[in-house]
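The following exercises ask the reader to work from residue positions and accessibility towards a description of the fold. Each task is followed by a solution in steps.

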Amino acid sequence: MVTEEQLEEINDRISWVEFGSWETSLDLSGLSIDSETLERVMPEILKIENLTELNLSNNNLTSLPRSISELSNLTRLIATDNKIQDLSDILDNLGNLESLDFSGNLLSPDSARHLSHIIQTIEDVTEDYEYALSILYPDDDERSEIAKQIEASDLDPAAITSETVFNDNIIQNTVSKSSKNAIKLFLSKAPVHNAYDLNVYGPTVKMLLSQLRDPNIPIEDRNTIQLGITSSLGNCDTPVKEHLMRVKIAELLKSGEKLSEENYLMIERLALIEATGKLKNLPPNEKIEAVNALVSLVYSRKHIVHVAKESDIHLRFINGENENLTKQRDLPPISINSEYGFTILSPDIIEEFVDLVSARNIGIVHELNEKKLKELTDNYLFSMGLQNDSIAVEREKYIQIYPEDMQKFMENPDISETLFSADMTENENDELMNFPAHQEVLRDLLKNENKEESIKQKYEEFVSEQQSKIQDFVDRKQTPQTLQAEGQGLSTESTFLQTMTNIYRQQEALDAQMAQMAQRVQAAGQGESTENATGNRYHQMASAQIQPHTGESRPIAGSARFRPQAEARREESTPLPGSARRRP
C-alpha cells in the first residue's frame, strides 16, 4: 500500500497534467504504486483527454487495470521494472500505440508472446508505411513534406474493426485510431511491392492520399473518403486492394474514358466477388479468402493452377460466347493468400460457385455464362451508383451503334460503288473510314452530356457530319468514273457488279479468318494457349465495355483500310528493388 504522502504526490502529478492543457505526458514512475492504488486513481487519469504517454516504471504493479484500455490516444506506454504477470487483452484496444516497454516484469509465456506480437505489428506497420512512401514518392523533399502533413492530419479519429476466431466463433474487435495512424496503416497495406501492383493501384493510392490532405476539399468530404479507406482495414490486405480497385474503376467510368479489356475484366471480377460473397455455403470465417480463391479460378488460373491442384481442385473455366474478349481471362489474383483460400473450400461451396458462373461443361472444363457475368456486372455498377440514371449506358449505346449506322449508310450502291473502288489517301481513310478513331472522338463529345435528348442530338449531328464527308468524297470521285465508263462503253450496272464481286471475295476471306479464330478459342478448352504461355499480356478493346452492344455488327466487306488499334501490352509484374520482404 502507498502512504498518504505518496498518494498525494500521485494526485498532484495527475492534476498537473489534467489542468495543464499543454501537457500530454504523465509520469508516475518511482512512486511505489501497487495495482490497487492505480485502480483507485484511474478515473482521474481518464479525465486527461489528450494523454499520449504514460510512464508507470519502477512501481509495485502486478497487473494493469482494464480501464487503461480506454486511453485511446495513448501512443507510448512504459511499465518497466514492475511485477506484472498477466496482460490478457488489455492492450488490444490501444489502437494508437507506437511504443511499448514492459521489460523487467514477470510476464507469463502467453502474455510475453502476446506482447511480442503487438510490438512486432507496430514495427511492421511503421516499416511498411515508410517503404510505401519511398516507392510512391521517390523525391526526398516531397516525401518529407507529405509525411509532415500526415502527422498533422486534422481528420476525425477512425474506427478499425478486425475479426478473430475463438472456438469457431467470430469475435469482432474495434479500436480507435487517430487519423494519422489510420493513414499510416492504410499505406502500410498499400499494394506497391511489385511493378504490376504499383502500376494498377499506385495512382489510386496517391489520389486518395492527396484528397485526404487537400484543404480545398471540405473536411466532411475528406472524412467520408477516410471512412471508405478505414472500412477496408482489418486483418489482411485483400480488402484494401478491393477498395482501391472500386475507387479506380469509379474514377475511370466517371471520366468517360474508354475502358481497356483489362479494366473491364477488373470491374467484372469485383462484381463476381460481390455475388460470390452471398453464397450460402461459404465457410463461417475467412470468407474473404474463400471468395477470392473461388474467383481466382475464373480470372487467375495461370497464377494459381498449382496451388489449386494441391487442394485437389481441378476446375477450369474458359470464355463463353463473348465477341468483346480477345483472349482468355487472365488477371493476377487480388489475394496473396490463395493457397490458404483453397484449403478452406468445401465441395458444397465449389458446386454452388460452379452453378453461379458455368453455362455448360465437358468434364472439368466449364464454359462461362457470359450473360450471367454481364448481368452481375451491370447490377454491381448500378449498386455503386455508376449507372443510377442510365446516362452512362445511353452514351455507350450510341458509341457502340455508330459503326453499324455508318455501314448501313454506305450500303447504298451509289456510295459503295465509288467508295470501295476509288483510291484513297491515308488521311482520307482516317477521316472517312477509321471507325474506332471516330468512336473515341464521339466518346469525348458525349462525356459531358447528362440528358438523353442532348446525347441523341449530339450523336445525330456527329453522324450527319461524317456521312456528309463521305458523300462529298463520293461526289468528287463519281464524275470522272462515270465519264470513263461511258467512254469505254461500260454501264454503271456492270461496274457495280464487278465491285460487288470483289466485295464478296473479300468477305469470304474474312469469314475464313473468323473460322480460324473460333477454332483457337475452342482449343483454349483443351490446354493453355500459346499466347497465354508467353506471359501476362493485355489487349485494349476496340470498344468500351460499360454496356456492350448486343446487336451483330460486322465490318463492311472490302474495308481493308481499317487499321486495328494497337494492342496494349503489359509485361508480367516484376518485383521492385527492396520489395522481397512482404508479410501476408
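**Exercise 1. A charged patch**

Which residues gather in a patch of negative charge on the surface?

Solution. The model is a predicted one. The patch of negative charge is formed by Glu-4, Glu-5, Glu-8 and Asp-12. To place one member, note that Glu-4 belongs to helix H1, which covers residues 4-19. Its accessibility is then compared with the cut-off: exposed means over 50% relative accessible area. Glu-4 has 63% and is therefore exposed.

**Exercise 2. The chain as a whole**

Determine how many helices and strands the protein chain has, and describe its burial and contacts.

Solution. The secondary structure comprises 21 helices and nine strands. The protein chain has 584 residues, of which 46% count as buried.

**Exercise 3. Salt bridges between separate parts of the chain**

Locate the partners of the salt bridges Arg-66 with Asp-89 and Asp-154 with Arg-222, and state whether each partner is buried, partly exposed or exposed.

Solution. The count of salt bridges comes to 22. In the bridge between Arg-66 and Asp-89, the closest N and O atoms are 2.8 Å apart. Arg-66 sits in the loop between strands E2 (53-55) and E3 (76-78), while Asp-89 sits in the loop between E3 and strand E4 (99-101), so the pair ties together parts 23 residues apart in sequence. Arg-66 is exposed at 53% relative accessible area, whereas Asp-89, at 37%, counts as partly exposed.

For Asp-154 and Arg-222 the closest N and O atoms are 3.1 Å apart. This pair links distant parts of the chain, 68 residues apart: Asp-154 is in the loop between helix H4 (140-151) and strand E5 (158-166), and Arg-222 is in helix H7 (residues 219-230). The burial classes follow from the limits of under 20% for buried and over 50% for exposed. At 46%, Asp-154 is partly exposed; at 6%, Arg-222 is buried.

**Exercise 4. A salt bridge inside a helix, and a network**

Where do Lys-408 and Glu-404 lie, and which residues are linked in a network of salt bridges?

Solution. Lys-408 and Glu-404 both lie in helix H15 (residues 391-410), four residues apart, or about one turn of the helix. They form a salt bridge whose closest N and O atoms are 3.7 Å apart. Lys-408 is exposed, its relative accessible area being 51%. The network of salt bridges links Glu-98, Glu-151, Lys-180 and Lys-184.

Key
Residues are numbered from 1 along each chain as its sequence is written. This is a predicted model: local features need pLDDT of at least 70, side-chain atom pairs count only at pLDDT 80 or more; totals for chains, interfaces and linings use all residues. Side-chain values use heavy atoms; hydrogens and water are left out. Patches are made of residues with over 30% relative accessible area and no salt bridge: like charges are joined within 9 Å, nonpolar side chains (Val, Leu, Ile, Met, Phe, Trp, Tyr) within 5 Å. Accessible areas come from the Shrake-Rupley method with a 1.4 Å probe; for residues, only the protein chains shown count as cover. A salt bridge is a side-chain nitrogen of Lys or Arg within 4 Å of a carboxyl oxygen of Asp or Glu. Lys and Arg count as positive and Asp and Glu as negative; His and the chain ends are not counted. The place of a charge is taken as NZ of Lys, CZ of Arg, CG of Asp or CD of Glu. Helices (H or I, at least four residues) and strands (E, at least two) are DSSP runs, numbered from the N terminus. Buried means under 20% relative accessible area, exposed over 50%, partly exposed in between (1.4 Å probe, protein chains only). Contact means heavy atoms within 4.5 Å.
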